Amino acid sequence: MKHTINKMSAARSTRLILDTDMGNDIDDALALGMIHTLQSQGECELIGVVSSKDNPYSPVYIDIVNTFYGRGDIPIGIVRDGATPDDRTFILPVANARNDGRPRYPRSKLPDEYEDAVPLLRRLLAREPDNSVIMVMIGFSTNMAQLFDTPGDANSPLCGADLFAKKVKRVVAMAGNFSDEVQANPTLDNREYNIHSDVPSAVRFFNYCPTPITFCGYEVGCMMPYPAASITCDYQWVNHHPVAEAYVHYIPMPYDRPLWDPATILEAVRPGCGSFTLSPKGRVTVDEYGCALFKPEPSGRHRYLIAVEENLELTINEIVSLCSKPLPDNSAVRTTPSMESAK
């Protein structure tokens, strides 16, 4: 039997908000580039990006990628009192890259145009139709936990949790590890990074979220390595690509990084595409140590992804194609102005 990946399973009107810890791992960068390709193909619309990494270069790198794809007008939010403030390895060198003394990668926003994440989330959600937004979380739960605790404001009289429940149709989150081994024996050593980096926020969000959540667990991404050969071969349509350059900076090449976050994007935009099946309904509970345990419940709002092994090669190839696909005529790269003052 020949297996295929259904590319047209998502509704054309899929509207996404991305919450990312951009700068910690390179798969976040791949995921953002992938979203832009999916939007160019008419499969989704990215209405906002918020960073859960408390580092000033995280929104800068997001801005660079959005601008590269010709969408520098997408609002960007920055976390307050967040985790992992260190620079790590790829956002700073890409932001500071120069050609003949000028910024290699244009930006569209000045530093004071990156908004606080929680007010931005309230504004974005308030203006959307009810039950219409897909919240994609590929970082920490910091912004969402803070959002839940907000009172009504000029954007909406609803508190944050009620506004979220009214506007968000579904959450797709890269979080947890649902392998049989980890679920049977959760320890401090096998806790998933996005949860244990901010445990109080993960407890607040995942244990009390009023909206259905689909989890893309650690074990799923580990089955899907991004081939290093793609970085050296598939991005040659442009002299400099902010995602490919970031990949080279992340750790010494060559390496094949698991596709945790791109797998999450694929499920968010193309549910039912053939890459994954879903667990039974249940409930994921995060404990005080950051361990996430799944318990089947017929009325539960949580499910986790199970990779379809016979489709793994097709899934990886599709993700690679979406991440590296050339821009139409490279027009966005040529026409977006550089923000010299945003250095």
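1. Salt bridges. In this predicted model, a search of the whole structure returns 14 salt bridges. One of them joins the side chains of Arg270 and Glu43, with an N to O distance of 2.8 Å. Arg270 belongs to the loop between α13 and β12 (276-278), whereas Glu43 sits in the loop between α1 and β2 (45-53), so this pair ties together parts that are 227 residues apart in sequence.

2. Packing of α1 and α12. Helix α1 (residues 26-40) and helix α12 (residues 242-250) have axes that come within 9 Å and cross at roughly 170°. Because an angle over 145 degrees counts as roughly antiparallel, α1 is described as roughly antiparallel to α12. On the α1 side, the contact is made by Ile26, Ala29 and Leu30; α12 contributes Val243, Ala246, Tyr247 and Tyr250. By residue class, this contact comprises seven nonpolar residues, with no polar and no charged ones.

3. Largest pocket: extent and lining. The largest pocket holds about 280 Å³ of space. Its lining consists of 21 residues, and those nearest the pocket centre are Asp25, Glu192, Tyr193, Tyr218 and Trp260. The lining of this pocket divides into 10 charged, six nonpolar and five polar residues.

4. Largest pocket: contributing helices. At least two lining residues come from each of α1, α8 (193-196) and α13 (260-269). The largest share is that of α8, which supplies three residues.

5. How many cavities of 30 Å³ or more does a search of the whole structure find? The search finds one. The volume of the largest cavity is about 60 Å³. Its lining is formed by Gly176, Asn177, Val182, Pro186, Asn190, Arg191, Glu192, Ile195, Gly290, Cys291 and Ala292. These residues divide into five nonpolar, four polar and two charged.

6. A residue on two linings. Glu192 is listed in the lining of the largest cavity, and Glu192 is also one of the residues nearest the centre of the largest pocket.

Definitions and conventions: Residues numbered from 1 in each chain as written. Predicted model: local features only at pLDDT ≥ 70, side-chain atom pairs only at ≥ 80, totals over all residues. Heavy atoms only, no water. Axes fitted to C-alpha atoms, helices over the stretch in contact; angles between N-to-C directions. Helix = DSSP H or I, 4+ residues; strand = E, 2+ residues; numbered from the N terminus. Parallel < 35°, antiparallel > 145°, perpendicular 65-115°, else oblique. Contact = heavy atoms within 4.5 Å. Nonpolar A, V, L, I, M, F, W, Y, C, P; charged D, E, K, R; others polar. 1 Å grid on protein atoms, 1.4 Å probe; cavity = no way out; pocket = protein on both sides within 12 Å on 5 of 7 lines; lining within 4 Å. Points joined across faces, edges and corners; volume = space filled by probe spheres on them. Salt bridge = Lys/Arg side-chain N within 4 Å of Asp/Glu carboxyl O.
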